Structures are given as C-alpha cells and as structure tokens.
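Biologist: I'm new to this one. Can you put it up and walk me through it?

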Amino acid sequence: MRTPMVMSGSGERILFVHARPGDESALTGGTIARLRADGSRVVVLYAGALIEADAAIFAALAELGARSWHRLPQVSALELVSTFREAIDALGATAVVVGAVDDGLRVVATTAAHDAGLPVFLACTVRQAAGQRLIAIDVGAHLDQKLRALSHFPARWMLTEHTRVLVDGAIDVITDTETFLRADAPRTALPAPTRRPARPTLANRSLGGLGGLVLGILFGVLGTIAHQATLTLFGVALPIGLTIAFVGIGALLIGLRLVVGDRFVVGLAATGLLLTIFVLSLRGSGGSVLVPAGLPGTLWTVVPALIAAFVLAWPKLPPRRR
C-alpha cells in the first residue's frame with residue numbers, strides 16, 4: 001500500500017538524518033525531491049565523518065531542490081541527542097527521516113524525535129524489514145533528479161543507467177519507489193480513573209447525623225454560657241467569649257463539611273446548634289436569661305445562623321488526590 005509521507009501543500013518541515021554525503025541521494029533522494037516539489041521545507045544533517053567535498057554536497061542537494069544542510073560535531077550520544085533536539089526546534093520540524101544505516105545513529109535520532117513528539121521514518125528496504133508494514137513513496141516523477149544527484153559522488157559508486165555499482169562490487173537497482181518504516185512517538189499513558197468514594201449507607205448517615213446533632217447542641221450550650229465573657233485590656237472590654245464561640249462554631253461546621261462532606265450531617269449539627277441557642281435565649285422561670293438583651297446577645301443569636309447558612313451553601317469541594 002503506497003501512502004505519501006506528507007500531503008501536497010501541507011507546509012511540512014522534514015529533517016533528514018544521514019551518516020555520509022551521498023546517502024541522502026541514494027536512500028531518500030526521490031523523497032527529498034518530491035517534498036521540495038510539494039513546497040515542504042527540508043534540512044539534511046550529516047552525523048558522520050565527512051570525506052566528500054562541500055561542493056559535491058551542494059551540487060547533489062541542488063539537483064534535489066534542497067539547499068540546507070549541516071555537519072554535526074563528533075560528540076557523545078547524549079550530546080548528539082541534544083544537538084538533534086536543537087535542530088528539530090530550529091526547523092520547527094513536523095517529522096524526522098533517518099537514512100543512516102548505523103543502528104546507534106538511528107537510535108539517537110529516533111530518541112530525539114520521539115522526545116519532541118515527532119514521527120520517525122526509517123529508510124529501509126523490504127528485505128531489511130521483512131514482515132513489517134512499510135510506507136512506499138512513489139518518486140518516479142523525480143527519478144531523473146535522484147540519478148543526477150547520485151552522479152556527484154563518483155568515488156562511492158559507478159552509475160550505469162538505473163544501476164548503482166558500489167566500490168565493494170555490490171549492485172543496487174535504482175527504482176521509482178523509496179520505502180520507509182514509520183515509528184511513532186510512544187503515547188503517554190492515560191492517568192488511572194479516579195475512584196469515587198463509596199456512597200455512605202443509611203445507617204452511616206444516620207449515625208453521622210446523630211453525632212452532628214449532639215455536637216451542635218454541645219457547642220450551642222458552651223457558646224451560650226461563654227459568649228458574655230469579656231477581657232479588659234488597657235481599659236477596653238474585649239468580647240473574648242463571643243469571639244471564641246464564633247471561632248468554635250465555624251471550626252465545627254467547616255470541619256464537618258470538609259471531613260464528612262455530607263450536608264445532611266452538617267445540617268443536623270447546625271439545627272442542634274441554633275435550636276439550643278434559641279431555647280437558651282428564652283426567659284427562664286426564675287426570670288434570669290442566659291442571653292441578655294444587648295449587642296453581644298443579638299450577635300449570638302444572629303451570627304451562628306449566618307455561619308451555618310454560609311457553610312451549607314458553599315459548593316461541593318473536589319475530592320483530595322492521593
């Protein structure tokens with residue numbers, strides 16, 4: 001099945017990686033010419049020791065319609081990955097084509113491309129990738145360009161029509177198809193779905209509600225008794241009892257909302273609290289009142305209701321991540 005590497009006019013930017021000049025023409029020359037004809041940007045990187053003259057490189061790439069190429073320094077594999085990443089970023093590459101035969105160079109270039117999230121196209125023959133699905137690029141319309149590019153490296157091979165004879169005697173037939181094995185960047189594993197907490201049973205909610213009601217009554221009694229207490233400081237009476245009572249009520253209701261997360265429990269605690277305050281604010285049979293008229297008494301009967309309404313109306317808090 002013949003699948004184009006890129007779509008015509010799609011503005012792709014392809015980085016080609018080769019070990020030695022001449023390989024770009026022999027292994028990927030037709031693809032480079034086709035990409036350039038489609039308006040794609042192409043940059044060729046040579047990562048091996050270069051014996052050929054710059055003039056031959058310029059001439060061969062010019063035949064293919066390409067101009068940009070660079071020699072990479074002889075550095076360690078780790079530094080080479082970083083160098084490839086810089087080249088990928090500088091080009092804004094959308095894909096990387098690796099024509100190097102050396103496995104080490106292939107691994108380094110593929111690692112850099114995958115780190116950038118780019119697909120890699122490894123130049124190879126059907127024999128080299130037996131049993132694997134290859135992408136075949138039809139370069140028949142650019143075969144003459146490829147042959148002219150190959151002619152600029154007479155020290156590496158001899159051309160006879162569509163046959164390339166290497167210096168070691170090996171014979172390579174130049175066809176109108178170039179094949180590649182695609183290696184996509186590994187996908188990031190999706191996070192495990194968050195487990196929803198089990199819904200409380202009716203018995204649990206009932207027990208929690210009873211506990212909240214008892215706590216509300218307890219805080220209502222203690223706050224009513226203590227809310228009139230003051231602390232004189234530099235001649236000023238500070239409502240220390242009222243302040244402590246408000247803080248205690250807020251801590252109780254907010255704490256229940258955060259820990260239990262059930263408005264039912266918080267509602268019963270607020271109900272017990274407010275009913276207790278109401279009952280204790282009534283005039284007793286002996287004529288004494290625990291909540292005398294005045295500003296502290298008024299605040300004690302009004303503010304707890306506001307605190308309870310605020311806590312109950314607050315949106316549901318997201319579950320904590322573990």
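This is a predicted model: local features need pLDDT of at least 70, side-chain atom pairs count only at pLDDT 80 or more; totals for chains, interfaces and linings use all residues.

Biologist: What about contacts along the chain?

Modeller: Take the contacts with a separation of 6 or more: residues 24 or more positions apart account for 73% of them.

Biologist: Back to strands. What is the order in the open sheet of 3 strands?

Modeller: The order is S7-S8-S9, and the pairing is antiparallel. The edge strands are S7 (157-160) and S9 (171-173), each pairing on one side only. From one strand to the next, the twist averages 20°.

Biologist: How many bridges join S7 and S8?

Modeller: There are 4 bridges between S7 and S8, which spans residues 163-166. In one of these pairings, Trp-157 has Leu-166 in S8 as its bridge partner.

Biologist: New topic. Which residues form the nonpolar patch on the surface?

Modeller: Leu-231, Leu-233, Phe-234, Val-236, Leu-238, Ile-240 and Ile-244. Together they have about 700 Å² of accessible area. Strand S11 (231-233), strand S12 (236-238) and helix H7 (240-259) each give two or more residues to the patch.

Biologist: Where does Ile-244 sit, and is Ile-244 buried or exposed?

Modeller: Ile-244 is in helix H7. Its relative accessible area is 57%, so Ile-244 counts as exposed; the cut-off for that is over 50%.

How values were computed:
Residues are numbered from 1 along each chain as its sequence is written. Side-chain values use heavy atoms; hydrogens and water are left out. Patches are made of residues with over 30% relative accessible area and no salt bridge: like charges are joined within 9 Å, nonpolar side chains (Val, Leu, Ile, Met, Phe, Trp, Tyr) within 5 Å. Accessible areas come from the Shrake-Rupley method with a 1.4 Å probe; for residues, only the protein chains shown count as cover. A salt bridge is a side-chain nitrogen of Lys or Arg within 4 Å of a carboxyl oxygen of Asp or Glu. Buried means under 20% relative accessible area, exposed over 50%, partly exposed in between (1.4 Å probe, protein chains only). Two strands pair if DSSP finds at least two bridges between them. Axes are lines fitted to C-alpha atoms, for helices over the stretch in contact, and angles run from 0 to 180 degrees between N-to-C directions. Contact means heavy atoms within 4.5 Å.
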